[in-house]
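Open the model in a viewer and keep the selection panel at hand. The stops below go from one residue to its surroundings, and then out to the whole chain.

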Amino acid sequence: MADEKKKVSALDGAVMTPEGLSFKGFILSPIVESCTGCERVANFEEQAYCPAYAEPAKKWTRGICNFATHVKATVDKEGKTKVNPLKASKRAARGR
Ligand code: SF4
């Protein structure tokens, strides 16, 4: 019984309405391609939603979703493009 409850807990209480899936007072939009692999993704009636953020597409418009569980490591590796201000200043001083 406890296992059954765990399975539905992510979107527990969600209700499908004519506007979309209603959950905790928000209308949830389906997840976007970038969300694939995120542990927060939960299914409701064969459609995948994010219980953490109502509009996943918007969450990805300005870069990587900060709630994502599947891309943190990649962000760190690719973080080379994001230069630490202190390092940038040292680099500038060295003329690089
Ligand atoms: S937390 Fe972010 S990446 Fe994960 S499902 Fe929600 S919107 Fe998508």
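Select Ile27 first. This is a predicted model, and in it Ile27 is partly exposed, with a relative accessible area of 35%.

Show the secondary structure next. Ile27 sits in strand β3, which covers residues 26-28.

Now display the surroundings of Ile27. Which residues does Ile27 touch, not counting those up to four places away in sequence? They are Thr17, Glu19, Gly20, Leu21, Ser22 and Ala54. For a distance check, pick the C-alpha atoms of Ile27 and Met16: they are 9.1 Å apart, and the two residues are separated by 11 positions along the chain.

Move on to the cysteines Cys35 and Cys50. Cys35 has a relative accessibility of 7% and is buried. Cys50 has a relative accessible area of 11% and is buried as well. Both labels follow because buried means under 20%. How many disulfides are there in the model? With a cut-off of 2.5 Å between cysteine sulfur atoms, the count is 0.

Finally, zoom out to the protein chain. Colour by secondary structure to find 4 helices and 5 strands, in the sequence order α-β-β-β-β-β-α-α-α. The chain has 96 residues, and 21% of them count as buried. Among contacts with a separation of 6 or more, 41% link residues 24 or more positions apart.

Key: Residues numbered from 1 in each chain as written. Predicted model: local features only at pLDDT ≥ 70, side-chain atom pairs only at ≥ 80, totals over all residues. Heavy atoms only, no water. Buried < 20%, exposed > 50% of the residue type's maximum accessible area, 1.4 Å probe, protein only. Helix = DSSP H or I, 4+ residues; strand = E, 2+ residues; numbered from the N terminus. Contact = heavy atoms within 4.5 Å.
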